[in-house]
Amino acid sequence: MQPRNMSMSGAVDLAAVKAAAEAKEKAEAARAQAARDGVPAPGAGGLVIDVDEAGFQQDVLERSTAVPVVIDFWAEWCQPCKQLGPLLERLAQDYAGRFVLAKIDVDANQMLFQQFGVQSIPAVFAVVGGQAIPLFQGAAPEPQIRQVLDELIKVAEQQFGIVGQPVAGDAADAPEAEAADGLQAPEEPAGPYDSALAAAGDALDRGDLGGAIQAYQNVLSDDPGNVEAKLGLAQAELLRRVEGLDAAAVRKEAADAPTDVQAQIRVADLDLVGGHVEDAFGRLVDTVARTAGEDRQAARVRLLELFEVVGGDDPRVVAGRQALARVLF
């Protein structure tokens, strides 16, 4: 099961899903322009790079049209950074060109730190086709990070058409070499709902929201406590709610009618899909604070649903729950 705060299908990925077609077109146009100009594609040459504000455009944004770029925001004084940084560097070598690791010292690059909305470090983002995708915060075990990287690579290829260039003969070939020698590690046994959850996730990635919702509901009908199915269902339902909405019109409606609870709820949904997590939570907390009865209940329930989308162990959810408790009690 994917860690709740590290899922590529989570709220951090919703903006990328919504903008995938546009980002793919931009990436393809950038690669085509580079080819016309006779400029080598910004591939994985240098699997771990130090990036500053001056070089961010070329080293990260342009490079991300050819290979996923994983960003590690760190600082010298940050003890968890000293655990996570070397692990990410080793994984960059292991993946051998399937992604590039860009390390950004937040003390020396405050503008980038602020533009990405980093709340605490270490913080890890990805940039694919010029689109920023928050991945996770804090140190994490290697198996969980590998899960996120594998899904990032899959999303980059399937939704953005971007495939890194593996370095021949490097550690990326190790699993095949082990298999040839008869030393392949045994596979972990599949869980009872792994195939159903994988099918639901594939449907979500394809934009088949109805199919994803039905698949997650099927799992929950047999296993009501399945955390991954609950998370996936919340994500799919959120995407279906915002599908077809005119964002500008919805935001104007909410601004013109601040007491219209449903209008505030629709804007909160749009904020979360756009990656503005704190804005979505703050809007609904304020709505709960100034309403009563059914209106308050509607805003509170939607806020709890959005907490589910992001994941209960995300620090933004923890802060949101505290803010909600303050206005309720």
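This is a predicted model: local features need pLDDT of at least 70, side-chain atom pairs count only at pLDDT 80 or more; totals for chains, interfaces and linings use all residues.

Residues are numbered from 1 along each chain as its sequence is written, and side-chain values use heavy atoms, with hydrogens and water left out.

**Exercise 1.** Describe how H14 and H15 pack.

Solution. Begin with the geometry: helix H14 (residues 293–310) and helix H15 (residues 315–328) have axes 10 Å apart and pack at an angle of about 165°. The two helices are therefore roughly antiparallel (an angle over 145 degrees). Next, take the handedness, which is left-handed where H14 passes H15. Finally, list the contacts (heavy atoms within 4.5 Å): H14 contributes Arg-296, Arg-300, Leu-303, Leu-304, Phe-307 and Val-310, which meet residues of H15 including Arg-316, Arg-321 and Leu-324. Sorted by class, this contact holds 8 nonpolar, 1 polar and 4 charged residues.

**Exercise 2.** Which residues of H9 meet H10, and at what angle do the helices pack?

Solution. Helix H9 (residues 209–222) packs on helix H10 (residues 227–242) at an angle of about 155°, their axes lying 9 Å apart. That angle makes H9 roughly antiparallel to H10, and their crossing is left-handed. From H9, the residues in contact are Leu-209, Ala-212, Ile-213, Tyr-216, Gln-217, Val-219 and Leu-220, and among their partners in H10 are Glu-228, Lys-230, Leu-233 and Arg-240. By class, 10 nonpolar, 2 polar and 4 charged residues make up the contact of H9 with H10.

Definitions and conventions:
Axes are lines fitted to C-alpha atoms, for helices over the stretch in contact, and angles run from 0 to 180 degrees between N-to-C directions. Helices (H or I, at least four residues) and strands (E, at least two) are DSSP runs, numbered from the N terminus. Angles under 35 degrees count as roughly parallel, over 145 as roughly antiparallel, 65 to 115 as roughly perpendicular and the rest as oblique. A crossing is left-handed if the near helix is turned anticlockwise from the far one by less than a right angle, and right-handed if clockwise. Ala, Val, Leu, Ile, Met, Phe, Trp, Tyr, Cys and Pro count as nonpolar, Asp, Glu, Lys and Arg as charged, and the others, Gly among them, as polar.
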